[in-house]
Amino acid sequence: MKVLIISHAHPMESTGGAELAAYNLFEALSLNERCESVTFLAGSSNRQSQAGSIHLLSRNEYLWAYNDMDWFRLTSGTPDALVTNFRSFLVRMAPSIIYVHHYAHLGLEIFREAKTSLPSCKVILTLHEYLAICNRNGQMIKNNSRKLCYQESIQECQACFPEKTREDFWLRKHFIQRSFEHVDHFISPSQFLLERYIAWGIPREFTSVIENGQKYYGSQARVSTEDLASQNHLRSIYKRFAYFGQATEYKGIEVFLRAIHALSPELRRSMLFEVHCANIDQQGDWFKDLLHELRTPLVREGVLRWVGPYDHNDLAGRMSQIGWVVVPSTWWENSPMVIQEALTNHRPVICSNIGGMAEKVRNGVDGIHFAVNNFVDLAERMIYAASNIDVWLKYVKNIRPTQSLKRYGDDYLSAVGRC
Amino acid sequence: MKFTLNKHGSNEQNEAIARPLKQPSLQFVGDRLKSGLSIDYVISISNFVIVTGWMIRCSGPYIYHQASEVECLFSTTFERADVADGYNLPPKDARGFLILFRCDAKDQLFCQVVCTNQLDGEVIRLPLDVQDTSELAIALNVLNQHISHLGFLIPHLIGQKEWRNLIANVVNNLPISSEHPSFAGFIESVRGIKDVGGLAIGWAICHPACQLWLIGDDGVAVTLSGSARWDRDDITKMYFRDYGRLVHGAGFTQRIDPMGELSNINLVGIDSGHVYVISRAAWKRASEDPIAFARWTFELRTDGRALTDRLINHDGVILQRLLTRGQYNDIYLKQKSFDMSFGEGISEPQVCISIPLFGRVDFMVNQLMEFSSDEYIREKCEIIYHIDDPGIIDSVISKSQLLFKTYGIPFKISWNGYNMGFAAATNCAVRQGSAPLVLMLNSDVIPTQPGWLCSMAGWMLKNEDYGVLGARLLYPNGGVQHNGMTCHWEPDWSAYLNKHPGQGFAPENSEVGDVKDVFLVTAACLLVNRSIFESVGALDENFLIGDFEDSDFCLKVRSRGLKIGCYQSNGLIHLERQSFMGIGQGYFRECVARYNAIIHQSKWGHTIDNYLSTSNA
């Protein structure tokens, strides 16, 4: 079978969870004997290319240059390219299966176009967050109160965006749902996210849950826990806590910093905290100022290492130096890549007790939940986690193998049978 | 007749008209002057005659035709110091006079006075040489000499065009008296359209014993007693101290009836006959486009009663004239009209779907997306979008080709060169099609299931006793937006308004596909046979922008003895009024609705009365 994988971005340009999941699938299926050919088409914000053009990046990999899309309707910023370049590309590649890992940047019209150009082709969409449900960057958080939102409704959505009418939201949903009608099957990496979409209107019989596949880097990740515990330089590893991810408002990095502040000075000096984060420069001034205010005294005190951005190839190495991965997101999340990466690297997770995080981390088994947005609770959980190495070892031992790339590819191919 | 003179005319004219028309008739006792009568001027224009002169120690004067006294419209006497000085008399013995009377027979007219001295009881009589005045400069001079009486003459003479012109000329040259104990005011805006009319807007305060007029050139003169009035908080605050309760109702709008070329208009106060110009404003040309005119005039916010008055007697009258004289035939605009087809037209279509587009283009996406998945529409219907908004032309054109390529369903777009309003735009779209059935469809009605139009068309063809078939429309939340209409009386508007029974509630459990008999239906989704559409005169284009033309259309159909049905659908979503957001909200919208309600009421008030009384019985 000929497979086309469409991603809203290429990991070369952006390392978000969805594009990594898409690229991992590309790698997994490229090795799969059942696939005659596998092509990867990724959206590209590179302004060197003419918007709408599709061009070869490397063997079997293509970039599709886009213009800014309509983020309300989720329609393409280069609609002409859909019926010209994209249509030609589809006809030329003639895939029998198209896996779409995100429609952001590219536009929802790709589904109809795929079915128009290739009527017998199966289109499978992996849902990565709540963009179709929620106009607030797909986060399902109330615009003013910043409280978690549990379900879409025209009235509540309009209250979040008073500049829009209720009818605008009806038109938005109508357009999205009609576009989704051209999708044969939906995959969600988490049950939690899937349930939100089913409540929103996707029939359950058209859905599956398949966890994102993980790549194993280097040898450190596979070092046994006993080995780790015996290493002198890691003797206090269970007292080391790290945050990995984007430095955005809803990733909860400030909750993590506040929790460190909440610890007594003696206690926190017996522990070590690290922040491995990227894109802080892209945040608003108020948020940058807040982080600066929170981190400066901790760095000065010597309890916080502000490590900065990392390459995914470095991740295993960085995780090997810490005991716990803290995921304090204040929004639902889906299946956060950082949790899968932590578990892949045998690191238990302390995470917020909501959404995809609560689903992916088993509280008291391979990780610890704390009350979302509650830094005092997080501080207490970290005190418990750092109490002795046996606690840490118990959690590490309970970690189950994560989804391998091989299994990931197989699961995706088997989803075709459910179309 | 139109002319312009400087104040009091030129010097030459003054010399020319300084001559009395007749020698005075003087009565002497011995060599002492006892009585006298002199006629200065006899001005006759359009059968209205003004006589001025003076008399010495006499009462009167009186006008006689042969032996009968002529009833004067106005007569006054006043001191003539010049005469008293000239004849060395006490000032009280010499009286000037001015008489106005209407005269159909111009021969054998006399002016008569009665002596009040030693010749007591004797009369002095002078013949009046009444001929139509050709030298209007003389007439103008007489009026200028009698500014203090002009206010008494105006009510009698203003009905005559030539007199109006003379009065306007006098008034135009008067200085502006900004302060007067009996009145104050200001003209804030005056706009008009040649041969149609215009509006003057401003504020004015007036003592009840005085009068206010608007007097302009080219024969424009109207009393403000009939103007629409309302309270102006700013004027109340500023002038209450000086004028007390007279400040209430200071704001005014006054219609000016058809006129030619205008330059100025004056707000004139008349106090004891004396004419004062309170404010003067230059006319501006108003747009001939009724919608643009409405946008201008409805910027003025007034309370409900004043608004009703304006819509019935002032703004609304001009609007109606603009609407009823037909859409314009501006060649320039016509040149800009176009139509474009996307895709191959359907051969022998069964239904013409006519959709006016206003304000928003994004509805096309949702509609065409749905149309493309409906086999009947795809294969049996012609789709015509008529653009009725110059602001979206480029957007519609640029999107249309792409929409056709994306959804693969043929359609046509057209533009007539200007914003026509809902009724005219719909008519325009309908007339571009050829299918025997016509579906009027709002751009903000989005079907969500296929098959509805096939079902409606099939039903319509089988039931010839029905003239119109509407459809049950739902709000996005599933509540009923429309399931037939009736009318209810709105006292504040003095008109029947259309009412949607059950609006907002969950739909009744009727079978999808059933048809319910109703009084009226909305044109948001209305199926009609093309022959009926044309025979009742299509949608009435005299409604402004869009309102009531649907009930008007249904009432026309009903008057032919045909029934109105409402198709029970569960899949037609109406994003009510979303397509009209662009025309403005709030007050403008209310004004448009009120205007249309008044027109609708005048056409159908009695019919609705009868229907309601019958149905209630």
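Which residues point one way from β11(B), and which the other way? Let's take that together, everyone. Gly197(B), Leu199(B), Ile201(B), Trp203(B) and Ile205(B) point one way, while Gly198(B), Ala200(B), Gly202(B), Ala204(B) and Cys206(B) point the other way, and all are buried. Buried here means under 20% relative accessible area, with exposed over 50% and partly exposed in between, using a 1.4 Å probe and protein chains only.

A quick word on the source: this is a predicted model, where local features need pLDDT of at least 70, side-chain atom pairs count only at pLDDT 80 or more, and totals for chains, interfaces and linings use all residues. Residues are numbered from 1 along each chain as its sequence is written, chains are lettered from A and ligands numbered from 1 in the order in which they are written, and side-chain values use heavy atoms, leaving out hydrogens and water.

Back to our strand. Since 10 of the 10 residues of β11 (residues 197–206) of chain B are buried, the strand is largely enclosed by the rest of the structure. Helices (H or I, at least four residues) and strands (E, at least two) are DSSP runs, numbered from the N terminus.

Now its partners; two strands pair if DSSP finds at least two bridges between them. Strand β10 (residues 183–193) of chain B pairs with β11(B) in the antiparallel sense over 10 bridges, and Ile193(B) stands opposite Gly197(B). Their hairpin has 3 residues between the strands, and Asp195(B) takes a positive phi near 65° there. Strand β15 (residues 251–256) of chain B also runs antiparallel to β11(B), joined by 6 bridges, with Ile256(B) as the bridge partner of Gly198(B).

On to another sheet. Within the chain, β20 (residues 351–357) and β23 (residues 437–441) of chain B run parallel, joined by 4 bridges, and Ile353(B) has Leu439(B) as its bridge partner.

Last stop: is Leu544(B) buried or exposed? Leu544(B) is buried, with a relative accessible area of 0%. You'll find Leu544(B) in the loop between α16 (530–535) and α17 (549–558) of chain B. Leaving aside residues up to four places away in sequence, Leu544(B) touches several residues, including Pro290(B), Phe298(B), Leu319(B) and Tyr595(B); contact means heavy atoms within 4.5 Å.

Thanks, all, and happy browsing!
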